[in-house]
Amino acid sequence: MSDSVWRPTAPLENLRRRATLLADIRRFFSERQVLEMEVPILSRRATSDPHIDSIVADCSGDAAYLATSPEFGLKRLLAAGMGDCYYLGKAFRNGEAGGRHNPEFTMLEWYRVGWDDHRLMIEVGELLSWLLRISKVRSYSYRALFLQHLDVDPHRASFEELKATVAKVLELSFEPAGRDECLDLLMSHHIEPNMGEGISLVYDFPATQAALARVEDDELGVPVARRFEAYVGGMELANGYWELTDAPEQLRRFEADHCYREGNHKPVHPFEERLVQALEAGMPECAGVALGVDRLLMLACGASRIEEVIAFPIERA
Amino acid sequence: MASYSTNEFKGGLKVMLDGDPCSIVENEFVKPGKGQAFNRVKLRNLKTGRVWERTFRSGESLESADVMDRDMEYLYNDGEFFHFMEPETFEQHQADEKAVGDAAKWLKEQDVCVVTLYNGAPLAVTPPNHVILEITDTDPGLRGDTAQGGNKPATLSTGAVVKVPLFLEIGETIKVDTRTGEYLGRAKED
């Protein structure tokens, strides 16, 4: 092992597959008149997401941040009138390394003007079934999935009920701090691995996990985030929103994120106030989704670990 | 004592969990894109041999356990303790029945075993993968049956009972895999 660290960790055949996969993705969007855009990967603003950390660089003596996603840049372009567009390239997240994570990874993110989350979910299903040759696409609400797997309503169950559900299926080294932590544990440790074959689309996430999605009442009158995720073979692949276009609400969420980060002793960096300005100027109603291309390639190659599809993961980068 | 954070957990690392020394078997980083990061860890409790699965928040840490694996020569059993010696320092250690466990039935004097020390005292004993032992009891051999299948139980000098081919006799020495208890062949006479 140690004498061949110059070598790629991925078989060359998987790297050739990467090349055709990237070409296929570009063809898919070209046929649908969605334009490829480049946005800054080195930015003076960082993500505010409570659970995602930016990598900090030094640029001419001042802090700059490696983009954790192309979202802010693409949304500024949408507000400027660009129309349907996508980004296919690198994104960076600090501290994320493991069997399905590398701090530097390839992300596909695209926006559809005038669409909502349900319309975009259909397109995500089409892209995935075409690329992976999988015909089985199912969709469930977040609530239906929790009821089916754990017999608990994720929106209405109390913190105590959720803690008891976690205790039934998992052994923890810590006491869960809140409802969302319980839901994250149940989703990632219990539901995700048991989703089964095919493409699963999950929509209507808890309002407390809205991130940059709009929040609306569902058919039972419960406020839910118009956010969805795509999973294939028990692996999380994509996360999409019916995008928030309300500037004051966007500003409130940035500020709430900063509060959370301060309270949890996480680094606090300048947030993207130019996104708030773009929303003020008027970003069109749209839906957007981000998809992990390395994981998509893992599925296409039948790989079980991310280093089987990345030439030089962080240990060799 | 040093401590290790979840991002340093890797197979073989010895840590303390709930007051017991454990060896990490597997560490999986689990993070929903928009959710909190966790580490799902499998650990073997070195006292009981049981494997636990435990989820940590990423960034949590565990104290390291003072556990070391040493090659030692097995000397003798005094009826209560099994005695081992480090070949370089001649330092001797005594292990009780609990530490030796199932390994006892494979221990032959002068064989080199792996003795796991916890705070300097034997916690577990792993016999060599292959041992050569004498058959002390078995049914009489059947001549001319070397090619046919079929086997019979044989008791070995250390007390272990293994299945051997029908043609083997009392007094013969055989090679056995201690991990599976499987007969591997007659020991070469030299």
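Student: Where in chain A is the place of A:A211?
Tutor: The model is predicted: local features need pLDDT of at least 70, side-chain atom pairs count only at pLDDT 80 or more, and totals for chains, interfaces and linings use all residues. Residues are numbered from 1 along each chain as its sequence is written, while chains are lettered from A and ligands numbered from 1 in the order in which they are written. Helices (H or I, at least four residues) and strands (E, at least two) are DSSP runs numbered from the N terminus. On that numbering, A:A211 is in the loop between strand 8 (199–206) and strand 9 (215–217) of chain A.

Student: Does A:A211 count as buried, partly exposed or exposed?
Tutor: A residue is buried if 20 or more other C-beta atoms, placed from the backbone, lie within 10 Å of its own, exposed if 12 or fewer, and partly exposed in between. Although A:A211 is not a glycine, it has a positive phi of about 50°. Because A:A211 has 19 C-beta neighbours inside 10 Å, it counts as partly exposed.

Student: Is A:R133 buried or exposed?
Tutor: A:R133 also is not a glycine, and its phi is positive at about 55°. Its loop runs between helix 3 (117–132) and strand 7 (137–141) of chain A. Because A:R133 has 8 other C-beta atoms within 10 Å, it is exposed.

Student: What is the radius of gyration of chain A?
Tutor: Chain A has nine helices and twelve strands, and its C-alpha atoms fill a box of roughly 50 × 45 × 40 Å along the principal axes. The radius of gyration is taken over C-alpha atoms, and the globule rule is 2.2 Å times the number of residues to the power 0.38. For 317 residues a compact globule would have a value near 20 Å, with which chain A agrees, at 20 Å.

Student: How does helix 5 of chain A arrange its buried residues?
Tutor: In helix 5 (residues 159–169) of chain A, A:L162, A:T165 and A:V166 are buried. Seen down the axis, these residues fall within an arc of 100°, the arc being that of the directions from the helix axis to the C-beta atoms. On the other side of helix 5, A:E160, A:A167 and A:K168 are exposed. The buried residues of helix 5 therefore line one face of the helix.

Student: Which helices of chain A do the buried residues of helix 5 pack against?
Tutor: The residues concerned are A:L162, A:T165 and A:V166. Their packing partners in chain A are helix 4 (142–150) and helix 6 (179–191).

Student: Which residues have the most contacts inside the largest nonpolar core?
Tutor: A nonpolar core is a set of buried Ala, Val, Leu, Ile, Met, Phe, Trp, Tyr and Cys residues joined through C-beta atoms within 7 Å. The largest one has 85 residues. Those with the most contacts inside it are A:V124, A:L201, A:A230 and A:L291.

Student: How many residues does the second, separate core have?
Tutor: The second core stands apart from the largest one and includes B:M72, B:F82, B:W106 and B:C113. B:C113 lies in strand 10 (residues 112–118) of chain B and is buried, with 23 other C-beta atoms within 10 Å. The size of this second core, in residues, is 23.

Student: How far apart in space are B:C113 and B:V125?
Tutor: Two residues are in contact if their C-beta atoms, placed from the backbone, lie within 7 Å. Leaving aside neighbours within four places in sequence, the contacts of B:C113 include B:V125, B:M72 and B:F84. B:C113 and B:V125 are twelve residues apart in sequence, and their C-alpha to C-alpha distance is 6.8 Å.

Student: Which strand of chain B supplies the largest share of the side that touches chain A?
Tutor: In total, 19 residues of chain B are in contact with 21 residues of chain A. Strand 3 (20–30), strand 4 (38–45) and strand 5 (51–57) of chain B each supply at least two residues of that side of chain B. The largest share, six residues, comes from strand 5.

Student: Which residue is the bridge partner of B:V15 in strand 3 of chain B?
Tutor: Two strands pair if DSSP finds at least two bridges between them. Strand 2 (residues 14–17) and strand 3 of chain B pair in the antiparallel sense over four bridges. In strand 3, the partner of B:V15 is B:C22.
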